[in-house]
Amino acid sequence: MSISMALFSPPISSPLQNSNLIPKISLSLLSTKRLSLVSLTRASSDNGTSTPASATTVEAPTPKPVSVEEVLAESPSASENGAVGGEEIDMTTTMMTEIKFQDAKWVNGTWDLKQFEKEGKTDWDSVIVAEAKRRKWLEDNPETTSNDEPVLFDTSIIPWWAWMKRYHLPEAELLNGRAAMVGFFMAYFVDSLTGVGLVDQMGNFFCKTLLFVAVAGVLFIRKNEDLDKLKGLIEETTLYDKQWQAAWKEPESSSSSTVSSKK
Amino acid sequence: MASFTLKSFTGLRQSSPDQTSFVSNVPSSLSLPQRRTSLRVTASRASPNLANRKLRVAVIGGGPAGGAAAETLAQGGIETILIERKMDNCKPCGGAIPLCMVGEFNLPLDIIDRRVTKMKMISPSNIAVDIGRTLKEHEYIGMVRREVLDQYLRERAEKSGATVINGLFLKIDLPENWDTPYVLHYTEYDGKTGATGQKKTMEVDAVIGADGANSRVAKSIGAGDYDYAIAFQERIRIPDDKMTYYEDLAEMYVGDDVSPDFYGWVFPKCDHVAVGTGTVTHKGDIKKFQLATRNRAKDKILGGKIIRVEAHPIPEHPRPRRLSKRVALVGDAAGYVTKCSGEGIYFAAKSGRMCAEAIVEGSQNGKKMIDESDLRKYLEKWDKTYLPTYRVLDVLQKVFYRSNPAREAFVEMCGDEYVQKMTFDSYLYKRVAPGSPLEDLKLAVNTIGSVFRANALRREIEKLNV
């Protein structure tokens with residue numbers, strides 16, 4: 001009895017997915033008693049039979065309907081989100097094959113750049129957007145890889161200036177604008193308080209330090225969340241080392257007493 | 001007072017048995033507070049010769065770590081006992097060994113079922129990159145069956161003079177003085193008596209804990225806990241025409257659907273493939289991840305039949321205490337699994353061998369009693385040799401497994417030939433080879449570029465969500 005992970009699935013219409021039977025399928029694992037029983041819950045549409053399968057030396061028949069149903073359950077819900085790039089995908093009633101990413105401009109596993117041309121030159125922005133849509137689609141509906149239709153697209157064919165123009169420059173503009181506004185008012189404020197003009201402020205060592213701190217701060221901390229992220233990063237970088245050095249550290253008095261206690 | 005007694009103790013050179021009783025009271029008072037990294041106690045050099053017997057060491061666990069340790073101990077002239085609870089144990093395992101292991105441990109080539117020379121890394125958006133172009137003719141990753149490898153190493157240990165006992169380790173009685181023996185409690189399984197065995201005890205001078213991720217030896221000495229990943233694997237027998245694709249190719253799938261902090265894999269074994277995945281942080285969703293892995297490989301394993309389902313914990317970092325007095329942990333019990341790749345077999349065998357070598361040296365081929373400082377030498381040597389490797393892999397895991405954009409960048413980077421060469425060199429030969437600085441610079445620039453592009457695409461995706 002072999003499992004055929006079928007490409008073909010029974011037709012499913014959208015109201016059905018709401019009224020589903022949810023059988024519990026448990027798979028018991030082989031090996032020692034230390035492994036615990038894991039239970040698996042899946043939504044099924046037409047065949048509501050629950051098949052408790054023990055996957056010892058006998059093959060488990062349950063994964064076959066499970067994987068098919070999972071694809072089915074996911075894809076109709078994904079299409080209803082509407083945020084899908086593959087406009088040509090027919091999602092209406094009968095589905096004979098599972099949904100794969102499809103797009104007129106996606107040819108042979110890569111984007112056909114000729115279709116992205118605008119006024120004789122490739123419109124890189126739309127290539128970027130198209131690739132983002134494809135990735136979003138795949139995140140919601142993971143697809144099988146296949147040797148017949150390999151994905152060959154490489155993001156490095158998009159030139160560096162297209163990325164700069166689209167992502168780096170707007171953010172840089174924003175940050176520079178903010179920095180300029182803050183800088184102007186700080187200069188005015190310090191001048192009104194101390195009477196030191198802008199040129200003299202720049203000559204002062206303390207002011208130069210403050211400026212340096214401000215620039216570094218703006219570069220690393222752009223949003224409030226960045227502060228926590230940086231703290232987490234610093235802790236993360238040193239954690240592994242700490243775990244390795246633990247063998248060389250003094251045990252605390254409580255643990256040393258447990259070790260030295262005579263049994 | 002304590003220092004005076006220390007001096008008199010190290011002054012002892014040849015001691016006859018009647019003097020040992022005088023000596024034994026002293027070290028227990030100074031052993032705990034004094035013996036730290038700053039004060040190097042060289043008591044072992046002057047420790048008394050064992051009167052008319054060899055040093056007795058028990059190795060608990062008969063996997064690669066235990067087998068290698070027992071062989072080295074027996075060859076060094078030490079009375080070795082290897083205790084293994086299941087002689088035909090099929091440990092759930094990826095089964096990949098690097099090339100250097102074949103040479104270093106003199107493994108016969110028929111132990112290796114397959115030689116993997118190509119790998120495919122598949123990103124979350126199914127961009128597939130082929131790795132292995134830079135491998136030379138004689139280089140490969142060996143795929144073994146654990147039951148075959150473990151049995152071979154145990155047999156070799158037995159031939160070298162170790163006693164192999166089929167039994168289940170229960171607990172150790174810790175000794176009161178520094179040179180009184182450990183008392184091992186174990187259940188011996190006689191071939192005939194079936195399930196329940198006989199409870200037995202044994203006195204040994206030192207113990208090597210090689211009993212795996214759920215080590216009982218580690219519990220007995222209070223070694224502490226570690227974070228661990230659950231690796232879940234299904235062995236699938238696929239039709240022959242699909243099997244030819246996996247003849248010498250292994251696949252790695254990365255993505256949030258497959259695992260949030262690890263990867264899914266398809267590894268070829270002797271006549272079937274092993275499809276699996278693992279995770280540390282979302283252990284409850286492991287079944288979901290396994291289904292996603294099978295889904296991603298669906299076309300290539302279509303028509304397959306699951307013949308076995310298995311799972312096992314994988315340590316993520318070493319235990320806080322890897323040795324205590326004359327008990328040392330090696331292999332998975334110590335937590336010597338690398339991050340990023342999850343490789344453990346080679347490090348288990350190597351640590352078993354290193355620990356055994358330290359015992360052989362410290363006891364001068366079984367003539368003297370050993371103590372904790374000899375075992376600490378093994379820890380020092382291990383950390384010095386392999387800590388850079390572990391650190392690099394940890395950094396790789398932290399940077400490249402944290403999110404889908406990072407994984408996309410990772411797969412893109414793996415397409416670069418320089419990366420492939422460096423990766424395989426360090427994996428196959430376990431040395432962090434210095435590359436050329438210019439290429440390193442280019443690599444750094446490319447890495448930053450890939451990460452930037454992938455993150456930019458993610459921001460685009462988030463914009464689409466709105």
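**Figure 1. Arg156(B) and Glu71(B) meet in a salt bridge in this predicted model.** Let's begin with this pair, whose closest N and O atoms are 3.1 Å apart. Arg156(B) belongs to helix H5 (residues 146–160) of chain B and Glu71(B) to helix H3 (residues 64–75) of chain B, so the bridge ties together parts that are 85 residues apart in sequence. Both ends are tucked away from solvent by the accessibility criterion: Arg156(B) counts as buried at 13% relative accessibility, and Glu71(B) counts as buried at 8%. For context, the structure holds 40 salt bridges over all chains.

**Figure 2. A salt bridge joins Arg322(B) to Asp383(B).** Here the N to O distance is 3.1 Å. Arg322(B) sits in the loop between strand S16 (305–315) and strand S17 (323–324) of chain B, while Asp383(B) is part of helix H10 (residues 372–400) of chain B; the two are 61 residues apart, and their pairing links distant parts of the chain. Arg322(B) is buried, with a relative accessible area of 1%. Asp383(B) counts as buried too, at 9% relative accessibility.

**Figure 3. Within helix H10 of chain B, Asp394(B) and Lys398(B) are four residues apart.** Their side chains form a salt bridge with an N to O distance of 2.6 Å. About one helical turn separates Asp394(B) from Lys398(B), because they are four residues apart in the helix. Asp394(B) and Lys398(B) are buried. Elsewhere, salt bridges with shared partners connect Asp125(A), Arg166(A), Glu460(B) and Lys463(B) in one network.

**Figure 4. Arg353(B) is buried but has no salt bridge.** What is the nearest side chain of opposite charge to Arg353(B)? That side chain is Glu357(B), 4.9 Å away, and the cut-off for a salt bridge is 4 Å between nitrogen and carboxyl oxygen. Arg353(B) is placed in helix H9 of chain B. Setting aside neighbours within four places in sequence, Arg353(B) is in contact with Ala68(B), Ala69(B), Thr72(B), Glu104(B) and Phe105(B).

**Figure 5. The largest nonpolar core has 114 residues.** Which members touch the most others? They are Leu184(B), Ile359(B) and Tyr378(B). Helix H9 (residues 345–362) of chain B gives this core its largest share, 11 residues. Around Tyr378(B), the residues touched include Ala328(B), Leu329(B), Val330(B), Tyr336(B) and Met354(B), leaving out residues up to four places away in sequence. A second, separate core of 22 residues includes Phe116(A), Leu138(A), Tyr167(A) and Leu457(B). In soluble globular proteins, nonpolar side chains tend to be buried together.

**Figure 6. Cys90(B) and Cys100(B) are buried cysteines.** The count of disulfides over all chains is zero. Cys90(B) is in no disulfide, and the nearest cysteine sulfur, belonging to Cys270(B), is 9.4 Å away. Cys90(B) counts as buried at 17% relative accessibility. For Cys100(B), the closest cysteine sulfur is in Cys93(B), 16 Å away and too far for a bond. Cys100(B) is buried as well, with a relative accessible area of 10%.

**Figure 7. Residues 55–88 of chain B carry a domain annotation from UniProt.** The unreviewed UniProt entry places the feature "domain: FAD-binding" here. Over these residues the chain is 35% helix and 32% strand, and the end C-alpha atoms are 29 Å apart.

Methods
Residues numbered from 1 in each chain as written. Chains lettered and ligands numbered in written order. Predicted model: local features only at pLDDT ≥ 70, side-chain atom pairs only at ≥ 80, totals over all residues. Heavy atoms only, no water. Disulfide = S-S within 2.5 Å. Buried < 20%, exposed > 50% of the residue type's maximum accessible area, 1.4 Å probe, protein only. UniProt positions renumbered as here; feature names shortened; annotations may be inferred. Core = buried A, V, L, I, M, F, W, Y, C linked by side-chain atoms within 4.5 Å. Contact = heavy atoms within 4.5 Å. Lys, Arg positive; Asp, Glu negative; His and termini not counted.
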